[in-house]
Amino acid sequence: MAPDAVLPRRFQLIVFDWDGTLVDSTGLIARSLQEACRDIGAPVPDERSARHVIGLGLGDALRHAAPAVPEARYAELAGRYRDHYIARESDIPLFGGVRELLDELGAAGFLLAVATGKGRAGLERALALQGLTHRFFATRCADEGRPKPHPDMLLHLMDRAGAEPDATLMIGDTSHDLELARNAGAAAVAVSWGAHPADGLANFGALATVHTIAELRQWLRVNARAAAG
């Protein structure tokens, strides 16, 4: 299915989600959450439920995926989740073509940023593991303000970039990312290879839904122009 045709627009700032958009981590996140619930004797969410909360802040994710767990045990559950996730995070790959896409966008003059449900420590580890710390001029994490879909993190990045909402594009794989963009007044593109199925992304006003990195790269070449900073 080809991405939707839109008139080319000028963007100064392109903001990416991390998990499920740039890196193939959604399976590990879901399994780690399931294993953490099993460790503490809580009901284990099915994979769809575990994937649905990816991108939210940790507290919101636990409330939705593990509603039977009392809040007093969130620290215990979160600790078990982190243990399972960190044990295997070095195996997480970038999706094929991501590095080339980021290089192309940087060379074209776009400011690139990340808005993620990860905590700061986790994102710093991930950027270092992938050798991408230098690629993004700014990043914003869920433990530094209000998590998705509240507009806080995107508004913060726009302020850092000096970019208006109509010059900002959010790219993500979940409804949380698309709601974040909508709440901040920015444009969005949905990708279908991550945590949320494509049919669940259709009602959030994205300019397009794309299905491969190559398709995203082509959509941006045709529909996005770098604006002067």
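In this predicted model, E89 is buried, with a relative accessible area of 8%, where buried means under 20% relative accessible area, exposed over 50% and partly exposed in between, for a 1.4 Å probe and protein chains only. Residues are numbered from 1 along each chain as its sequence is written, and side-chain values use heavy atoms, with hydrogens and water left out. Local features need pLDDT of at least 70 and side-chain atom pairs count only at pLDDT 80 or more, whereas totals for chains, interfaces and linings use all residues.

E89 is found in the loop between helix 4 (74-88) and helix 5 (98-108), helices being DSSP runs of H or I with at least four residues, numbered from the N terminus. When neighbours within four places in sequence are left aside, E89 is in contact with L28, R125 and L129, contact meaning heavy atoms within 4.5 Å.

Empty space was then examined. Rolling a probe the size of a water molecule over the atoms shows where such space is left. On a 1 Å grid over the protein atoms alone, a cavity is a set of points where a 1.4 Å probe fits but cannot get out, and a pocket is an open set with protein on both sides within 12 Å along at least five of seven lines, while lining residues have an atom within 4 Å of a point. Grid points are joined across faces, edges and corners, and a volume is the space filled by probe spheres set on the points.

A search of the whole structure finds one cavity of 30 Å³ or more, and the volume of the largest cavity is about 80 Å³. E89 belongs to the lining of this cavity, together with W18, D19, V23, Y85, I92, K118, A126, L129 and Q130. Helix 6 makes the greatest contribution to this lining, with three residues. By class, the lining of the largest cavity divides into six nonpolar residues, one polar and three charged; Ala, Val, Leu, Ile, Met, Phe, Trp, Tyr, Cys and Pro count as nonpolar, Asp, Glu, Lys and Arg as charged, and the others, Gly among them, as polar.

The largest pocket holds about 610 Å³ of space. Its lining comprises 28 residues, of which L58, Y81, G117, K118 and G119 are the closest to its centre. Two or more lining residues come from each of helix 1 (26-39), helix 3 (58-65), helix 4 and helix 6 (120-130), and helix 4 gives the most, with four residues. The lining of the largest pocket has 15 nonpolar, six polar and seven charged residues.

Helix 1 is largely enclosed by the rest of the structure, because ten of its 14 residues are buried. These buried residues, including L28, A30 and C37, pack against helix 2 (47-52), helix 3 and helix 4. The 14 residues of helix 1 should span 20 Å at 1.5 Å a residue, and its end C-alpha atoms are 20 Å apart, which agrees; the expected span is 1.5 Å times one less than the number of residues. Just after helix 1, G41 takes a positive phi of about 80°.

C37 has a relative accessible area of 0% and is therefore buried, and C141, at 1%, also counts as buried. With a disulfide taken as a pair of cysteine sulfur atoms within 2.5 Å, the count comes to zero disulfides.

In contrast to E89, which is buried, A72 counts as exposed at 77% relative accessibility. A72 lies in the loop between helix 3 and helix 4.
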